[in-house]
Amino acid sequence: MNRIEARLSSAVFPSPILFEDKVICFLKKFLTGQFNIESKLISFSNENFKIREFSGNVWVLRIPNNISHCLCHQQQERAVLDWASQERFSILEVRGYDEQEGYLLTRFLTGKSCSAIDFQNPLNLREAIEILHRLHTSKTAPIESVFDPLERYVVTSQEAMQEGISFAPEIHKISYQLKNFLLQIPRDRFQQVLCHNDPSPENFFRQDGYLYLHDWELARCNDPMWDLAHFSVIGQVNLEKILCFYSTSDLFAKEKILFFQAFIFFNTLVWAAFESEKPRSSFPKESVVMLYQTFLEKINALIKSTPFETALKKLLKEQII
């Protein structure tokens with residue numbers, strides 16, 4: 001149990017002004033009366049805690065780690081969250097937000113997070129892809145910043161160096177390959193529309209019979225095929241099935257999904273590389289090492305595959321008529 005968790009679990013108020021008390025002060029600013037920190041919730045990147053007020057209201061507190069904090073654009077996240085709720089992409093009720101620290105307090109939802117298994121059902125898959133299509137064609141979102149496909153690698157590398165962790169040469173080699181591919185492809189191949197950029201199956205949430213999309217930290221302008229590539233990789237869904245439900249006039253849709261899949265594999269590889277070397281990780285070392293090896297094999301196989309090479313050549317050479 002780390003210092004923050006220890007202080008929050010004891011929940012002694014008031015308490016000395018320490019780092020932990022920034023969190024407590026944040027909670028006391030937005031909650032009325034007394035409350036308890038009930039439990040820590042499972043998360044791959046942030047620390048999330050279930051907060052219960054004595055009045056009965058239940059909330060979720062998000063405390064980002066250093067990497068998540070750097071990847072999230074705090075200046076725009078609150079506006080995007082409010083917009084997503086207004087447009088019924090999300091039903092998160094934001095009670096409090098600290099732009100500087102990245103703390104987020106939202107109402108605890110009683111529905112159910114999805115998993116890859118849920119989207120083996122064609123009806124569920126269609127619903128999820130239609131949500132992404134509606135997002136990509138929206139014209140009202142308060143966002144202009146552009147998503148960087150390699151930002152996670154850069155930020156994680158910096159954090160690793162600060163902790164005295166060195167990535168294997170294969171990580172840097174793949175990052176160079178992907179960056180080189182990106183620089184060669186004409187800019188007009190890619191669209192710039194609002195994308196979620198992290199539409200994992202677990203970020204879809206079903207409540208009262210409706211499907212919603214949560215966790216908007218990485219929302220930026222990007223090519224919509226990134227979202228489809230991300231969903232296909234993490235959800236283990238064939239891209240052909242996805243494109244059956246996604247209406248697009250993009251002549252390079254399939255090629256871009258294949259291309260972006262390499263980046264999704266790589267981002268997972270970078271995450272696993274860092275977690276496997278951290279002295280204190282929330283995940284079993286054996287599982288993370290296995291995940292690293294799995295995604296290293298996946299990305300190497302993809303980049304060397306004929307479909308990927310064909311897609312890359314088409315993105316590099318073929319002109320739009």
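How many bridges join strand β6 to strand β8, and do the two strands run parallel or antiparallel? The legends below take up this point and others for a predicted model, in which local features need pLDDT of at least 70, side-chain atom pairs count only at pLDDT 80 or more, and totals for chains, interfaces and linings use all residues. Residues are numbered from 1 along each chain as its sequence is written, and side-chain values use heavy atoms, with hydrogens and water left out.

View 1. Strand β6 (residues 112-113) and strand β8 (residues 204-207) are antiparallel and joined by two bridges, where strands (E, at least two residues) are DSSP runs numbered from the N terminus and two strands pair if DSSP finds at least two bridges between them. S113 has F205 of β8 as its bridge partner. Four bridges link β8 to the antiparallel strand β9 (residues 210-213), and among the partners is L213 in β9, which faces F204. Two residues lie between the strands of this hairpin, in which D208 takes a positive phi near 55 degrees.

**View 2. Surroundings of F204.** Beyond its neighbours within four places in sequence, F204 is in contact (heavy atoms within 4.5 Å) with residues including K112, F119, I131, L213 and F231.

**View 3. Helices α6 and α10.** The axes of helix α6 (residues 151-162) and α10, lines fitted to C-alpha atoms over the stretch in contact with angles from 0 to 180 degrees between N-to-C directions, come within 10 Å and cross at roughly 10 degrees. The helices (H or I, at least four residues) therefore count as roughly parallel, a term for angles under 35 degrees.

Methods
Parallel < 35°, antiparallel > 145°, perpendicular 65-115°, else oblique.
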